[in-house]
Amino acid sequence: MSKLEKSVDTSLSFDNLYRNLHKGFGQIKDHRRSNSRYSLQDILSAGFAMFSLKSPSLLNFSLRSQQEDKNIMDVYQINKLCSDTQMREVLDKVEADKVRSLFSKVIEQVKKSDFFTSYHYFKQMVVVSIDGVEHFSSRKVHCKHCLKKEHKTGEVTYSHAMLAAVMVHADKREVVPLAAEPILQQDGCEKNDCERNAAKRLVKHLKESYPKLKALLVEDALYANGPHIEQILGANYHYLIGVKPDSHKALFKQVTSRRQSNQHCFVENKITHQFYWESNLPLSSSQSHIRVNFLRYQQKDIQGNLLKEFTWITDIELRKNNVLLLAKAARSRWKIENETFNTLKNQGYHFEHNYGHGQDQLSTVLAYLMLLAFTIDQIQQGACQTFRAIHASLKTKAKMWESLRAVFKLLPCFSMQQAWQHVAFMYQIQLE
Ligand SMILES: [Zn+2]
């Protein structure tokens, strides 16, 4: 057996993960007549391929060499490749919820792996960060689902946003999207109402998709409200949510009136880390039946000047031996912004690029396909030796995607594994 063949990855290889996803594409009901020229499975697979290869636009994706066409069809198991116009037309009418349900299909395959269990953070719980991201914005193009923002000048900005539930770990770079939910205009007049209503659907969907998952949800202060907390506890999840003095006045007043006896403090690299906590406080005067535990974390320099301060509420009983762990989990919430969405924006996914807006579902379906491609990439980055070796040598993802596309244009690839082996050969990267 040659050195290259030995490097073939096991269950978490791209080809294995994609096989299952492709099967899922085939199970989505086609809304068109039965004699359509291109199957819905082919069209969804081609949409996914566009994001998997980080094609800069739909138009760019349609300008392909003969070899590229053949490779795309082989690697992504497509029988016939449709035009970009056909792709837009068909995907605009697909039931977006059905595409969304495919996240759990991918995760299902990963759940028993060491990769997944390495995300167990606290009492076998995984930390799930929930946050919103805008994936489309325009002053001209819009559809009935667009969120609207009116400017003083009378101009309107139209946008689409998504609320994502992403598995994070304080000590890991890779993040794994578990579910996502569009934030819709129909949900309310205020942006915050829309986001809260999307969160309601997201938590419900998360529970339905992963009934046995033990999760600690970390969220920002927008979600520190009674109905949301009750929903989280009802789903048997735990929470760690940011609170601010101006939005939770009564809670902070209660905190100030306590004796402040629960404290823990240590110094590391000349920085003092100070924790202070209180148990069983009413969330607010109107929601006094909801009791929360309160945690304050401060960083101070050697002179005692305050550098950073964070405050959270949680249902987890706070103790000297868990406050640091929980503060780290809560702060890994920032990873969703730093890792997930900046990656999508900067590392070749062209998340904000307009691939076409459509009249109905297109924007949401494309966002799901892209997030699915990102999910599989993150699993590769965390668990696939070939991907990791190439990433380590080429340093940037942009370079990796560029090399992958070059290989697709010129060399026959029957699988993604083979495509990466070509890349490794091109740069003389030794695969284990
Ligand atoms: Zn729209």
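My entries below go from the whole chain down to single residues.

**Entry 1: the whole protein**

I started by noting that this is a predicted model. I then looked up the secondary structure and found 18 helices and ten strands. Along the principal axes, I read a span of about 75 × 55 × 40 Å for the C-alpha trace.

Next I checked the radius of gyration. A compact globule of 432 residues would have a value near 22 Å, and this protein has 24 Å, which agrees. I also looked up burial: 40% of the 432 residues count as buried. For contacts between residues at least 6 apart in sequence, I noted that 67% join residues at least 24 apart.

**Entry 2: α16 and α18**

I turned to helix α16 (residues 385-394) and helix α18 (residues 416-426), whose axes come within 10 Å and cross at roughly 30°. Angles under 35 degrees count as roughly parallel, and α16 and α18 therefore get that label. I wrote down their crossing as left-handed.

Which residues of the two helices meet? From α16 I listed Thr-386, Phe-387 and Ile-390, and from α18 I listed Gln-417, Trp-420, Val-423 and Ala-424. Sorted by class, this contact has five nonpolar residues, two polar ones and no charged ones.

**Entry 3: α17 against α18**

I stayed with α18 and looked at helix α17 (residues 397-410); the two axes come within 9 Å and cross at roughly 105°. That makes α17 roughly perpendicular to α18. On the α17 side I found Ser-403, Leu-404, Val-407 and Phe-408, and on the α18 side Ala-419, His-422, Val-423 and Met-426. Here I counted six nonpolar and two polar residues, with no charged ones.

**Entry 4: α2 and α8**

I moved on to helix α2 (residues 14-27) and helix α8 (residues 102-110), which pack with axes 9 Å apart at an angle of about 150°. That makes the two helices roughly antiparallel. I noted a right-handed crossing for this pair. Leu-17, Asn-20, Leu-21 and Gly-24 of α2 meet Leu-102, Lys-105, Val-106 and Gln-109 of α8. By class I wrote four nonpolar, three polar and one charged.

**Entry 5: Val-94**

Is Val-94 buried or exposed? I found 24 C-beta neighbours inside 10 Å, so Val-94 counts as buried. I placed this residue in the loop between α6 (84-91) and α7 (96-100). Leaving aside neighbours within four places in sequence, I listed its contacts as Ile-28, His-31, Val-99, Gln-361 and Val-365. I also looked up Leu-362: it lies 268 residues from Val-94 in sequence, yet their C-alpha atoms are 7.9 Å apart.

**Entry 6: two residues with positive phi**

I reminded myself that most residues other than glycine have a negative phi. Asn-269 is not a glycine, yet I read a positive phi of about 50° for it. For Lys-270 the value is also positive, near 65°.

Where do they sit? I found Asn-269 in the loop between β7 (263-268) and β8 (271-282), and Lys-270 in the loop between β7 and β8 too. Asn-269 is exposed, with 4 other C-beta atoms within 10 Å. Lys-270 is exposed as well, with 7 such atoms.

How values were computed: Residues numbered from 1 in each chain as written. Predicted model: local features only at pLDDT ≥ 70, side-chain atom pairs only at ≥ 80, totals over all residues. Helix = DSSP H or I, 4+ residues; strand = E, 2+ residues; numbered from the N terminus. Rg over C-alpha atoms; globule rule 2.2 N^0.38 Å. Buried ≥ 20, exposed ≤ 12 C-beta atoms within 10 Å, placed from the backbone. Contact = placed C-beta atoms within 7 Å. Axes fitted to C-alpha atoms, helices over the stretch in contact; angles between N-to-C directions. Parallel < 35°, antiparallel > 145°, perpendicular 65-115°, else oblique. Left-handed = near helix turned anticlockwise from the far one by under 90°. Nonpolar A, V, L, I, M, F, W, Y, C, P; charged D, E, K, R; others polar.
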